[in-house]
Amino acid sequence: MAHRSPVDGLSEAPAGGRRTRRAGVRHRSTVGRSDMRIGIIGAGNIGGNLTRRLTALGHQVTVANSRSPETLGALTEETGATAAEAAHAADGAELVIVTVPLKNVPDLPKGFLEGAVPGAVVIDTNNYYPQQRDGRIDAIEDGLTESRWVSAQIGHPVVKAFNGTYAQDLLDRHTAPGTPHRHALPVAGDDPAAKQVVRDLIDALGFDTVDAGTLDDSWRQQPGTPVYGSRGDAEEVRRLLDAAQPERPAEFRA
């Protein structure tokens, strides 16, 4: 069975940072908040639709792509988001979403996270598509999880989320908390507090979440696994995560 790519594999990319922040910092609670400052680096299908949804919720969103702020005029006019260069999209942000092609992560502007607030949470939406787009990345081929590799490249812990989500679902499938069989998304990360920030945000966006473990466990939601592209509820997502096998399918290997 061929696996479809739920995240647009051609989302636009800017370029990345190297500064390492201290582990164990306290993350500001986001429960019930709709006024977060959020930086989105990448304005493809996922980045664009997250910009649409997050601004609609009242968050202050700054978005960047691989070209220039002027090329984002239509998106900013539609949403009220602010366009910026990739090097400054995270300035003042409490939460940063990195949603660029995996191959472009090492080229992100050096120090692009230095202007974020201390303890900022970084979401990685990336997937490794060696045959379609990214070419061979030896560390991932040797078994490093995709988000663990991203974290090393940008010098900051990340939470893996939205990587197996169809972009249009962000606009079409959100529902209120408590809705039967509410669409659920897996979320993986090493810092429980950071992961909770992301889970709270996803809940506000209209989706349930399932704790998928640490970044070392995040292979269970990488391309080619049962949960990748799932539209199931939390129970189904847990079942699919448990059904994952560690061997990467041939179509997702270089």
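1. A search of the whole structure, which is a predicted model, finds 13 salt bridges. One of them joins E78 and R52, with the closest N and O atoms 2.9 Å apart. This pair links distant parts of the chain, since E78 belongs to helix α2 and R52 to helix α1, 26 residues apart. R52 itself is partly exposed, at a relative accessible area of 28%.

2. Helix α1 covers residues 45-56, twelve in number, and reaches 16 Å from its first C-alpha to its last, close to the expected 16 Å. Nine of these twelve residues are buried, so the helix is largely enclosed by the rest of the structure. Among the buried residues are I46, L50 and L54. The elements that cover them include β1 (37-41), β2 (60-64) and α2 (73-79). After α1 comes G58, whose phi is positive, near 105 degrees.

3. Eight strands form an open sheet of mixed pairing, in the order β3-β2-β1-β4-β5-β6-β7-β8. Its edge strands, β3 (82-83) and β8 (208-211), each pair on one side only. Within the sheet, β1 and β4 run in the parallel sense and pair over four bridges; I40 stands opposite I97 in β4.

4. A further salt bridge is formed by the side chains of R220 and D242 (3.6 Å, N to O). R220 lies in the loop between β8 and α8, and D242 in helix α8, so the pair ties together parts that are 22 residues apart in sequence. R220 is buried, at 18% relative accessible area, whereas D242 counts as exposed, at 61%.

5. Salt bridges also link E146, K160 and R248 in a network.

How values were computed:
Residues are numbered from 1 along each chain as its sequence is written. This is a predicted model: local features need pLDDT of at least 70, side-chain atom pairs count only at pLDDT 80 or more; totals for chains, interfaces and linings use all residues. Side-chain values use heavy atoms; hydrogens and water are left out. Helices (H or I, at least four residues) and strands (E, at least two) are DSSP runs, numbered from the N terminus. The expected span of a helix is 1.5 Å times one less than its number of residues. Buried means under 20% relative accessible area, exposed over 50%, partly exposed in between (1.4 Å probe, protein chains only). Contact means heavy atoms within 4.5 Å. Two strands pair if DSSP finds at least two bridges between them. A salt bridge is a side-chain nitrogen of Lys or Arg within 4 Å of a carboxyl oxygen of Asp or Glu.
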